Amino acid sequence: MLAVRWRDRTPRSGTWWVRSSAIGMESLLAGVRSASGETTIASMAMGMVAAPQCAVCGSPATRVELVAPGQVPEEWGQWKAERRQAYEKYRDQGRWRLLFEGVAAGNGWVGDAIEAARAERIETAFQEPYTYAQVHTAGFYDDAGFCEQCDAAYCYRHWRVSETGFGHCPQGHGKSLDPHW
Ligand SMILES: [Zn+2]
Ligand SMILES: [Zn+2]
């Protein structure tokens with residue numbers, strides 16, 4: 001089963017950091033400072049977005065977002081009200097959250113809460129320049145669109161994904177891109 005693809009406006013590719021102020025990041029920082037007398041590493045937590053580029057067409061192949069504790073997703077301001085409500089309902093302010101849009105499927109509207117260690121692992125995996133070996137360590141079932149043999153990422157169209165979620169890259173290498181198969 002392939003999920004509906006909702007990506008329509010990731011404006012760039014590569015990896016970038018996000019510091020959101022939409023829900024009181026300043027007061028969160030202030031709270032951390034006043035409680036401990038100094039700025040702790042926790043207060044420096046920043047979100048991250050990684051969008052590897054398709055080697056053929058240049059469009060983002062996949063999108064990985066880490067939302068830091070207490071922050072909101074990068075595109076929050078563009079989300080529909082119902083998606084925001086769903087997110088507010090499920091999120092845990094104290095935890096990292098992962099939003100993943102893979103080649104053929106993702107982890108949905110509201111993503112998943114993840115441990116800090118996993119967030120760190122993902123962050124390390126998506127340091128540029130991207131390599132298959134490095135991205136593979138993040139543990140995504142589709143390696144965020146990377147073909148091992150090509151050491152490059154491809155988008156849904158250029159993976160030529162079949163109905164069962166199996167894809168073939170432009171060089172003919174095969175890969176399962178669906179978490180259910
Ligand atoms: Zn492409
Ligand atoms: Zn390939």
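## Overview

Of the 181 residues in the protein chain, 35% count as buried, meaning that 20 or more other C-beta atoms lie within 10 Å of the residue's own, with C-beta atoms placed from the backbone; a residue is exposed if that number is 12 or fewer, and partly exposed in between. This is a predicted model, in which local features need pLDDT of at least 70 and side-chain atom pairs count only at pLDDT 80 or more, while totals for chains, interfaces and linings use all residues. Residues are numbered from 1 along each chain as its sequence is written, and chains are lettered from A and ligands numbered from 1 in the order in which they are written.

The protein chain holds 4 helices and 9 strands. These are DSSP runs numbered from the N terminus, with helices being H or I of at least four residues and strands being E of at least two. Read from the N terminus, the order is β-α-β-β-α-β-β-α-α-β-β-β-β. Among contacts with a separation of 6 or more, 55% link residues 24 or more positions apart; two residues are in contact if their C-beta atoms, placed from the backbone, lie within 7 Å.

## The sheet

Let's turn to the strands. An open sheet is formed by 5 strands in the order β1-β2-β3-β4-β5, with antiparallel pairing; two strands pair if DSSP finds at least two bridges between them. At the edges sit β1 (14–18) and β5, each pairing on one side only. On average, neighbouring strands of this sheet are turned by 20° against each other, direction ignored.

Between β1 and β2 there are 5 bridges, and the two strands run antiparallel. Thr15 has Ala50 in β2 as its bridge partner.

## Helix α3 on the sheet

Helix α3 packs on this sheet, touching β2, β3, β4 and β5, and its direction makes about 140° with that of β3. Such angles run from 0 to 180 degrees between N-to-C directions, using axes that are lines fitted to C-alpha atoms, for helices over the stretch in contact.

Within α3 (residues 116–125), Ala119, Ile122 and Ala125 are buried. Seen down the axis of α3, these buried residues fall within an arc of 125°, so they line one face of the helix; the arc is that of the directions from the helix axis to the C-beta atoms. They pack against β3 (63–67), β4 (96–101), β5 (112–114) and α4 (132–136). The face of α3 turned away from the buried side carries exposed Ala117 and Thr124.

## The nonpolar core

The largest nonpolar core has 39 residues, and those with the most contacts inside it are Phe126, Ala153, Tyr154 and Trp159. Such a core is a set of buried Ala, Val, Leu, Ile, Met, Phe, Trp, Tyr and Cys residues joined through C-beta atoms within 7 Å. Two or more residues each come from β2 (47–51), β3, β4, α3, β6 (146–147) and β7 (152–153), and the largest share, 4 residues, comes from β2.

Leaving aside neighbours within four places in sequence, Phe126 is in contact with Thr15, Ala50, Val64, Val135 and Ala138.

## Backbone details to look at

Most residues other than glycine have a negative phi, and most peptide bonds are trans. Here, a cis peptide bond joins Glu128 and Pro129, with omega about -5°; Pro129 lies in the loop between α3 and α4.

The loop between α4 and β6 contains Asp143 and Ala144. Asp143 has a positive phi, near 50°, and Ala144 has a positive phi of about 50°. Asp143 is buried, with 23 other C-beta atoms within 10 Å, and Ala144 is buried with 26.
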